[in-house]
Amino acid sequence: MPFARLTTATTPTSHIGLGLAAIARPGYINLGRDHDLGLAETRTVDALRARTQELLDAAYAQGVRYFDVARSYGRSEEFLADWLHQHPGRNDVVIGSKWGYTYTAGWTTDAEHHEVKDHSVQTYDRQRAETAELLGERLDLYQIHSVTPESPALTDKELHARLAEAAAQGTTIGFSTSGPAQADAIRAAVAVTVGGEPLFRTVQSTYNALETSAAPALAEAHDAGLTVIVKEGMANGRLAEPHAPDALKAVAEETSLGCDAVALALVLRQPWAGVVLSGAATTGQLASNLHAAVVDLDDEQLSRLAALVEEPGAYWGHRGELPWH
């Protein structure tokens, strides 16, 4: 199914996708995982497989049609492939994955390194084959994982040629970004061409009530024809109860909805935001997240929420210190 289908969908939840980063591996940096998933020793492969299936079923039933995985998200591709195999008639879903990080935690929560980054052609070839073995023709979008301004993926012509070949065969090619210089990475990637044609058709970046620095570049990417996918709209749990700032809690109380719904609504209202990812780890969180589609914020509430923005270096420094739960 063409990835572009999502940009014209009209159901209330079609612009909210489900990312499996927090549910398809035992350790992640989201706050509150001990509460969400229980003790680390109970997070077996089978247990998290079952939780993932339950989440995917709930998301599909409520209108979500984009699912986001990555080679480094533990067994996310495997779990999603299992679900797709169990529901062969669900051909209206759109699947995106990412390459460039290798999962190295060995299904533990206390590994020294949980993932290793490498944007080389060799890693692309290896991981593309691994993804193809699991997702096959169901893969719609393949993204370079966490591009930064210094990433060799921005200048590697051999890699660009490989990606252009995949695009010619029908796979949409995109990239994700991270770090305080997201805007620079976005602008550099949008300028990459192969044979005079833009290489990338999507960009996935962090944007939330605390970190808004990529907004101008994302607007430019949208105007250039790229679909914008927003990740970490909940700031890895910092915008959810009980960790949310007081201003967000106050606005949530005024709307009679959760802090998570308000935080995601703030992202959904951006005119350049094509898909906003939920990183829910439970069906209850997912249901609450999906209420973002009906949140209506007035100018005064938006003004109070705008005061939450942090300096990018401080935000990413804080994120870098979050422990793997």
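Mentor: Ring pairs link Tyr60, Phe67 and Trp83 into a cluster, where rings of Phe, Tyr and Trp (its six-membered ring) pair if their centres lie within 6.5 Å, with planes under 30 degrees apart counted as stacked, over 60 as edge-to-face and the rest as tilted. The model is a predicted one, in which local features need pLDDT of at least 70 and side-chain atom pairs count only at pLDDT 80 or more, while totals for chains, interfaces and linings use all residues. Residues are numbered from 1 along each chain as its sequence is written, and side-chain values use heavy atoms, with hydrogens and water left out.

Trainee: Which charged residue lies over the face of Tyr60?

Mentor: A charge sits over a ring if NZ of Lys or CZ of Arg is within 6 Å of the ring centre and within 35 degrees of the ring normal. At 3.7 Å from the ring centre of Tyr60, the residue over its face is Arg65.

Trainee: Is the pair of Phe79 and Trp107 stacked or edge-to-face?

Mentor: Phe79 belongs to helix 3 (residues 76-86) and Trp107 to the loop between strand 4 (101-103) and strand 5 (115-117), so that the pair links distant parts of the chain, 28 residues apart; helices (H or I, at least four residues) and strands (E, at least two) are DSSP runs, numbered from the N terminus. Because the ring centres of Phe79 and Trp107 are 6.4 Å apart and the planes stand at 75 degrees, the pair is edge-to-face.

Trainee: How is the pair of Tyr124 and Tyr142 classed?

Mentor: Tyr124 lies in helix 4 (residues 121-135) and Tyr142 in strand 6 (residues 141-147), so the pair ties together parts that are 18 residues apart in sequence. Since the planes of Tyr124 and Tyr142 are at 55 degrees, with ring centres 6.3 Å apart, the pair is tilted.

Trainee: Which residue lies over the face of Tyr142, and is Tyr142 buried or exposed?

Mentor: Buried means under 20% relative accessible area, exposed over 50%, and partly exposed in between (1.4 Å probe, protein chains only). With a relative accessible area of 1%, Tyr142 is buried. The residue over the face of Tyr142, at 5.2 Å from the ring centre, is Arg128.

Trainee: Which residue forms a salt bridge with Glu77?

Mentor: A salt bridge is a side-chain nitrogen of Lys or Arg within 4 Å of a carboxyl oxygen of Asp or Glu, and by this rule the count comes to 18. With the closest N and O atoms 2.4 Å apart, the partner of Glu77 is Arg71.

Trainee: How many residues apart are Glu130 and Arg126?

Mentor: The side chains of Glu130 and Arg126 meet in a salt bridge at 3.5 Å, N to O. An α-helix has 3.6 residues a turn, so residues three or four places apart point the same way. Both Glu130 and Arg126 lie in helix 4, about one turn of the helix from each other, the separation being 4 residues.

Trainee: Which elements do the buried residues of helix 7 pack against?

Mentor: The buried residues of helix 7 (residues 215-223) are Ala215, Ala217, Leu218 and Ala221. They cover an arc of only 160 degrees around the axis (taken from the directions from the helix axis to the C-beta atoms), which puts them on the same side of helix 7. With contact meaning heavy atoms within 4.5 Å, these residues pack against helix 6 (182-190), strand 10 (202-206) and strand 11 (227-231).
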